[in-house]
2 protein chains.
Amino acid sequence: METSADNFFFGLLPFTVYFRIMPATIKDIAQSLGISPSTVSRALNDHPQIKDETKKAVREMARKLHYSVNQAASGLRTNKTFSLGVVVPQISNYFFSSVLGGMQKVASENDYQLLICQTNEKEDEELRYVQSLVSGRVDGLLMSISQETQNFDRLAEILSDTPVVLFDRTSEKIPTIHVEAEDYRGAYLATRHLISRGPGKIAHLGGPRKLTVSQNRLRGYKDALEENNISFDPGLLAHCEFDIKKVPEAVDKILAAHPEVKGIFAVNDEIAIEAILALKKKNIRIPEDIAVVGFGDYPIARIVEPNLTTISHYPAKIGERATHHLLKLINHREEAAVMKEVIPCELINRDSA
Amino acid sequence: METSADNFFFGLLPFTVYFRIMPATIKDIAQSLGISPSTVSRALNDHPQIKDETKKAVREMARKLHYSVNQAASGLRTNKTFSLGVVVPQISNYFFSSVLGGMQKVASENDYQLLICQTNEKEDEELRYVQSLVSGRVDGLLMSISQETQNFDRLAEILSDTPVVLFDRTSEKIPTIHVEAEDYRGAYLATRHLISRGPGKIAHLGGPRKLTVSQNRLRGYKDALEENNISFDPGLLAHCEFDIKKVPEAVDKILAAHPEVKGIFAVNDEIAIEAILALKKKNIRIPEDIAVVGFGDYPIARIVEPNLTTISHYPAKIGERATHHLLKLINHREEAAVMKEVIPCELINRDSA
DNA sequence: GTTTCCATTTAAAACGTTTTAAATTTTCTG
DNA sequence: CAGAAAATTTAAAACGTTTTAAATGGAAAC
């Protein structure tokens, strides 16, 4: 744990930090007012059977003593934590951090807090986090499945006891509410847009094969081709696994097999932009020689030259809706049903296609 | 809460989700093995006084019954939550989401979890979150102060009872451990780099005046000028408040007053890139006419044209170190002292300067 | 066959809250 | 002013865990 950065300490002030004076409890309030703890508890929770006068006195004393409720105790008694667990493959990533922002918003509007975990796409970390969150830490789970995850049995088993909403990276093996971007239609729109620019072959730089997201975008691409009587050619498809380092090679491979390619649809904006960089390095003009469409409308899309035409899929909205559903699951579980919400996509027409 | 997106539901499968079969407790394990709950508790915690044979039996039964410890109960008894609260102005932002990634890493290595809140730069939300986190939810706090925050008294009071580490957005009014980027030196390096390109005026697009981060970067800029016998000219300084919409106007203002400007140092990469876009729109060549240096080394820095010369300040590292210090504070509070760690910066030389 | 000692196990209390059921006080009715 | 009804408060138990202090049982020592 110790690193060389330890050398960068400078003492600012020569005193030591102290803390954790035992915080005030309900009993303390009761004692100092000469009333019972149950009355204090009820007063604090605005129970109708408590006299207004008493409530006022209790609240005042609570403030005076810096009282704040012990969540562990309250949670133990009520079986509610007012926390939601979030399990994502990666936090520092435009898509997921935006989703998290949306989740935070809705959670906080409803007085819930977010416990956020990052799986690094590892199946075992994912399982460990889910396990830990489910054990009395959270009232429900928001989850986006890691790339690596193969075995859904254990996960489904753990989750069968807990309200959970899956978002973006979903699996039908976990029967619950799913919130996804309109990946299929987005890809369809993107591909159709490329086709509409004129005759020529359209290639696809795909994502990890296992992910439903990639699969749906691939289907959208294929269906758009088919609808325009273009037969799908596997030589025009390369999978980059969300890894930008693989892009130049993938572009080379496609161009070698099909020098006449007129358009590329990439599974996301990062890949699309790497493709643009690779094409520019070859002095291929965009969009005149090859047009490029991405997916996601990342902030870079309007910076890269040419500005990237892409599909916007509103990640914050995905987070908001997923959280909305989870809260509904938690608080009205009677009405809960297995279903899927798809957040609409939109084509953002810029200069790259 | 209901939005039009509710229309996008399609039932997937016609059944309802059920959950929350009462989870197994220590008592259940004890009962099914015919031993006492205390023995079970100790066995699960690998207490040395428990026979190996007993431990094995307990662990097996725990697995069989899908037992997992109730954190609320355990936390209530031990006064430990193994959670760290994180309060940031914004989650979906390259800098903060990267910091969060670093925090998650160190926290998880030490079996801690992260409770993450977003203040949206609002003082009242900040106070509300801190209040709520501190009340028995977390063992300590990682915090980056919101822009709006004026009154540190209440905050300092609440935090005096809890281990807390401030990062990036710090304030000396809260005497504890601070972890910051080397803002002063980074700005100094950036400005010196611009000066070294040849004679000419160097402008600065500054951040929110209240933030120590902005202040330190401004100091670095000024000191680099002074060291090269260039007197600071307020007409070369414009504050954009981290708001990219204000950049074109700020650039115009500076250029109107000083058409002979040869370099611009921006408080962060986003601002720098907006400045580049604004300059390009005026057909000003970068870096030949005006050179630009940013701060942060965001992913866009290597995409924009020309590629942005910038200062890398390693956000994940900031998160890792802050968490490291907080865990130390929590677990060895005797050694705790008020101090500051500064994470080194580095100039990343690309094409814009 | 006691006694001592050691290794294990256990009963019971505690953490701070909420809540059921009962008790107390106040107000109303005639 | 008694008695009923209503309003308000309270005692005590419960949530699931950890932990102190005490108990149990068996082996070793005498």
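Modeller: Here is a quick tour, beginning with the ground rules.

Colleague: What kind of model is this, and how is it numbered?

Modeller: It's a predicted model: local features need pLDDT of at least 70 and side-chain atom pairs count only at pLDDT 80 or more, while totals for chains, interfaces and linings use all residues. Residues are numbered from 1 along each chain as its sequence is written, chains are lettered from A and ligands numbered from 1 in the order in which they are written, and side-chain values use heavy atoms, with hydrogens and water left out.

Colleague: OK, DNA strand D. Which residues come nearest?

Modeller: There are 24 residues around DNA strand D, and Arg42(A), Thr54(A), Ile26(B), Tyr67(B) and Arg77(B) come nearest. A residue is near a strand if one of its heavy atoms lies within 4 Å of it.

Colleague: And how do those residues divide into nonpolar, polar and charged?

Modeller: For DNA strand D it's seven nonpolar, 12 polar and five charged. Ala, Val, Leu, Ile, Met, Phe, Trp, Tyr, Cys and Pro count as nonpolar, Asp, Glu, Lys and Arg as charged, and the others, Gly among them, as polar.

Colleague: Which helix gives the most to that surface?

Modeller: α4(B), with four residues. At least two residues each come from α2 (37-44) and α4 (71-78) of chain A, and from α2 (37-44) and α4 (71-78) of chain B. Helices (H or I, at least four residues) and strands (E, at least two) are DSSP runs, numbered from the N terminus.

Colleague: What touches the phosphates of DNA strand D?

Modeller: Thr39(A) has a polar side-chain atom 2.8 Å from a phosphate oxygen of DNA strand D. In chain B, an N or O atom in the side chain of Ser41(B) is 2.7 Å from a phosphate oxygen, and a polar backbone atom of Asn70(B) is 3.5 Å from one. The cut-off for a polar contact here is a pair of N or O atoms within 3.5 Å.

Colleague: Now DNA strand C. Which residues come nearest there?

Modeller: Again out of 24 residues, Ile26(A), Arg42(A), Tyr67(A), Arg77(A) and Arg42(B) come nearest to DNA strand C. Sugar and phosphate make up 59% of the atoms of DNA strand C that come within 4 Å of the protein.

Colleague: Where does a base nitrogen of DNA strand C come in?

Modeller: A base nitrogen of DNA strand C is 3.3 Å from a polar backbone atom of Ala73(A). On the phosphate side, Thr54(B) has a polar side-chain atom 2.8 Å from a phosphate oxygen of DNA strand C.

Colleague: Changing topic: what order do the strands of the chain B sheet take?

Modeller: Four strands form an open sheet in the order β8-β7-β9-β10, with parallel pairing. Two strands pair if DSSP finds at least two bridges between them. β8 (237-239) and β10 (291-293) are the edge strands of chain B, each pairing on one side only.

Colleague: What packs on it?

Modeller: Helix α9 (residues 212-227) of chain B does, touching β7, β8 and β9 (261-266), with its direction at about 170° to that of β7(B). Contact means heavy atoms within 4.5 Å. Axes are lines fitted to C-alpha atoms, for helices over the stretch in contact, and angles run from 0 to 180 degrees between N-to-C directions. Helix α10 (residues 247-257) of chain B also lies across β7, β8 and β9, at about 155° to β7(B).

Colleague: Last one: what domains does chain A have?

Modeller: Chain A is assigned domain 1 (15-69), domain 2 (83-181 + 317-344) and domain 3 (183-312), with bounds from an automatic or database domain assignment. The centres of domain 2 and domain 3 of chain A, taken over C-alpha atoms, are 29 Å apart.

Terms used
A polar contact is a pair of N or O atoms within 3.5 Å; within protein, one must be able to donate a hydrogen and the other to accept it, and residues adjacent in sequence count only if both atoms are side-chain atoms.
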